[in-house]
Amino acid sequence: MNIFLIEYDKYIDSPFFPLTIFVVMVAAFWCLNRFLKSYVSNPKHHVRHVTEMVWNAVHDVPLYLIGVGIALWLMRVKTTPPAEVAEVFHGVQFLALLTAAIIIVLRVIIRFIEGKAQQAGSKGTTLLVTLVEVTGIVFGVIIFLGAYGISIAPFVTALGIGGMAVALGLQETLANIFSGLQLILSRQIIVGDHIKLSSGEEGEVTDITWRYTTIQIATKNYVIVPNKTIAAATITNYDRPQKNLAVVVAVGVSYDSDLDKVERVTLDVAREVLKEIEEEAAHEGRTLPTPAEPTMKYHTLADSSINFNVVISVADYASQFKVKHEFIKALMKRYREEGIDIPFPTRTIVNG
């Protein structure tokens, strides 16, 4: 037994002992990270939302930093390095654990923001994520400096004096930042909404950054608009207060038509199209809101036709194009079968 203790003491005193502790701890946490990653990503385990959030917060970098911090602590406990080396160990250990804690907290906050955004039908914004990250880094620096007795008062004073000069030089940037915050906090526009500006730009909001709002138009290109321009513009939001909207299709039939029959046939076609759209969505695993009953109203006795509007309820702005497309095709086919005529203007040319 004494032989083993002697050998153990010799091993502790070996210069390779600290390196061995460090390598073993990092390897152990690497294996733990791989195991947790495979466990969480395996659909058989039915991981809950809370467990997934914890994993997203601690995986990779924080887990390795925690391992480094514990390894450095074990090295200080099992060895007696010089005071200067011990102080360095202590600083690196504290920095590793502090950095890991800040990253974990930031990831939890960002995941919470993204979850709230998803509940509201949004996809989150770069501006909020950036503000959270910058705030976390600033707090981390303050804590680290305070732990080593470094006063931050001179830095605050310098920032206060220089802040006025910076603010004057960055008026445009600050105006965009505060306009972006106003857009996010007011919740009148969120990522994923389909909007139209008074200047004519129209499309889906894909992101709100610290300076710009990105809008994806129908051609899949991006229109980059400064936040202050968005805040000052007159905007039509097709997704607020609700996504579903009414689509109006203008139709005209000849004066010889049986108007009661036209109304019955037209509404039947509209119902069939909505039913097909709903069945297609169900086949794709999507659930659409129950549409309102389609309606039609005659409104004009024109030169060659009796005109009316068909009002069809659709799930969202993007769905209107497919509904119109399918409705017009089905209506023309049914009108031909029923002998209902859609007139068109004719011209008679008389040679003098």
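A pocket, as the word is used here, is an open set of grid points, where a 1.4 Å probe fits, with protein on both sides within 12 Å along at least five of seven lines. By that definition, the second largest pocket of this structure holds about 260 Å³ of space. The model is predicted.

**Second largest pocket**

- The lining of the second largest pocket consists of 18 residues, and those nearest its centre are Ile-277, Leu-288, Ala-315, Ser-319 and Val-323.
- Two or more lining residues come from each of α10 (259-283), β8 (306-314) and α11 (319-338).
- Helix α10 gives the largest share of this lining, 4 residues.
- Sorted by class, the lining of the second largest pocket has 9 nonpolar, 4 polar and 5 charged residues.

**Largest pocket**

- The volume of the largest pocket is about 410 Å³.
- It is lined by 15 residues, and the closest to its centre are His-194, Gly-203, Glu-204, Tyr-317 and Ala-318.
- Strand β2 (residues 202-208) supplies the largest share of the lining of the largest pocket, with 3 residues.
- The classes in the lining of the largest pocket are 5 nonpolar, 4 polar and 6 charged residues.

- Strand β1 (residues 194-197) runs antiparallel to β2 and is joined to β2 by 3 bridges.
- Across this pair, His-194 stands opposite Glu-204 in β2; both residues are also among the closest to the centre of the largest pocket.

**The sheet of 3 strands**

- A second open sheet has 3 strands in the order β6-β8-β7, with antiparallel pairing.
- Here β6 and β7 are the edge strands, each with a single partner strand, so one side of each is left without a neighbour in the sheet.
- Neighbouring strands of this sheet are turned by 25 degrees against each other on average, direction ignored.
- Strands β6 and β8 are antiparallel and are joined by 9 bridges.
- Val-251 has Phe-308 in β8 as its bridge partner.
- Strand β7 (residues 295-301) is antiparallel to β8, with 6 bridges joining the two.
- In this pairing, Met-296 stands opposite Val-310 in β8.
- A hairpin of 4 residues connects β7 to β8.
- In a regular strand, side chains alternate between the two faces of the sheet.

**The largest nonpolar core**

- In soluble globular proteins, nonpolar side chains tend to be buried together.
- The largest nonpolar core of this model has 23 residues, and those with the most contacts inside it are Val-251, Val-253, Phe-308, Val-310, Ile-312, Phe-327 and Tyr-335.
- At least two residues of this core come from each of β6 (245-253), α10, β8 and α11.
- Helix α10 gives the most to the core, with 8 residues.
- The bridge partners Val-251 and Phe-308 are both among the core residues with the most contacts.
- Helix α10 also gives the largest share of the lining of the second largest pocket.

How values were computed
Residues numbered from 1 in each chain as written. Predicted model: local features only at pLDDT ≥ 70, side-chain atom pairs only at ≥ 80, totals over all residues. Heavy atoms only, no water. 1 Å grid on protein atoms, 1.4 Å probe; cavity = no way out; pocket = protein on both sides within 12 Å on 5 of 7 lines; lining within 4 Å. Points joined across faces, edges and corners; volume = space filled by probe spheres on them. Nonpolar A, V, L, I, M, F, W, Y, C, P; charged D, E, K, R; others polar. Pairing = 2+ DSSP bridges. Core = buried A, V, L, I, M, F, W, Y, C linked by side-chain atoms within 4.5 Å. Buried < 20%, exposed > 50% of the residue type's maximum accessible area, 1.4 Å probe, protein only. Axes fitted to C-alpha atoms, helices over the stretch in contact; angles between N-to-C directions.
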